[in-house]
Amino acid sequence: MSIRFVAGVDEVGRGPLAGAVVAAAVILDPKKHIEGLADSKKLSEKKRNELNIEIREKALCWSLGRAEVDEIDDINILQASLLAMKRAVEGLSILPDHVKIDGNKGIDMDISMETIIKGDSKVASISAASIIAKVARDKEMTELDLLHPEYGFARHKGYPTKQHREALIKYGALSEHRKSFKPVKEALECRVQQN
């Protein structure tokens with residue numbers, strides 16, 4: 001069987017204390033080269049935003065999938081990441097013949113797949129997925145920052161920086177915070193003791 005459509009899949013947002021985990025699946029068009037694809041974490045925000053537009057325009061198809069905070073707290077972050085990736089693949093307008101997934105865990109789908117450690121820096125379609133997933137998630141964190149500027153989401157994107165952990169202790173957790181994550185739990189316990 002010849003493979004015609006290969007989807008690259010990646011997720012962002014496993015480490016943050018707040019927000020959904022967001023995944024993307026991308027099937028690139030072999031006739032439309034995109035210059036500069038790389039692991040989204042190694043690109044500047046400006047470059048990511050430029051590539052995000054180019055990927056969305058030039059790819060044969062792309063899709064975002066997500067798992068929300070309550071799902072993360074319910075099934076754990078690893079399972080939620082896999083669920084988000086599955087949803088991203090299911091959302092593609094073209095059914096891929098083969099899926100390349102960043103990391104070492106496959107997703108629960110009856111489809112040909114392979115996992116590639118550090119795939120986001122080795123496989124163009126996985127790099128593309130990592131970029132559009134990161135841009136989408138960062139945008140959500142920036143929007144959350146407008147509602148709750150005291151937490152500094154625009155700067156740290158939900159990751160457990162010193163500023164974020166201090167804000168959690170001072171202001172408590174939002175509905176967007178992952179209650180199953182240790183720093184959030186500890187901040188909530190600390191607030192209970194203070195009151």
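The model is predicted. The protein has 7 helices and 5 strands. Starting at the N terminus, the order of elements is β-β-α-β-α-α-β-β-α-α-α-α.

On overall dimensions, the C-alpha atoms fill a box of roughly 65 × 35 × 25 Å along the principal axes. Among contacts with a separation of 6 or more, 60% join residues 24 or more positions apart.

Now the interior. In soluble globular proteins, nonpolar side chains tend to be buried together. Here the largest nonpolar core has 27 residues, and Val-9, Val-21, Met-85 and Val-99 touch the most other members. Strands E1, E2, E3 and E4 and helices H3 and H7 each give two or more residues to this core. H3 has the largest share, with 7 residues. Take Val-9: beyond its neighbours within four places in sequence, its contacts include Ala-24, Met-85, Val-99 and Ile-126. Another core, of 17 residues, lies apart from the largest one and includes Leu-43, Ile-55, Ile-131 and Ile-132.

Last, the helix pair. How do H1 and H4 pack? Helix H1, residues 45-58, and helix H4, residues 124-147, pack at an angle of about 115 degrees, with axes 9 Å apart. The crossing is left-handed. Among the residues that meet are Leu-51 and Ile-55 in H1, and Ile-131 and Val-135 in H4. By class, this contact has 7 nonpolar, 2 polar and 4 charged residues.

Definitions and conventions:
Residues are numbered from 1 along each chain as its sequence is written. This is a predicted model: local features need pLDDT of at least 70, side-chain atom pairs count only at pLDDT 80 or more; totals for chains, interfaces and linings use all residues. Side-chain values use heavy atoms; hydrogens and water are left out. Axes are lines fitted to C-alpha atoms, for helices over the stretch in contact, and angles run from 0 to 180 degrees between N-to-C directions. Helices (H or I, at least four residues) and strands (E, at least two) are DSSP runs, numbered from the N terminus. A crossing is left-handed if the near helix is turned anticlockwise from the far one by less than a right angle, and right-handed if clockwise. Contact means heavy atoms within 4.5 Å. Ala, Val, Leu, Ile, Met, Phe, Trp, Tyr, Cys and Pro count as nonpolar, Asp, Glu, Lys and Arg as charged, and the others, Gly among them, as polar. A nonpolar core is a set of buried Ala, Val, Leu, Ile, Met, Phe, Trp, Tyr and Cys residues joined through side-chain atoms within 4.5 Å. Buried means under 20% relative accessible area, exposed over 50%, partly exposed in between (1.4 Å probe, protein chains only).
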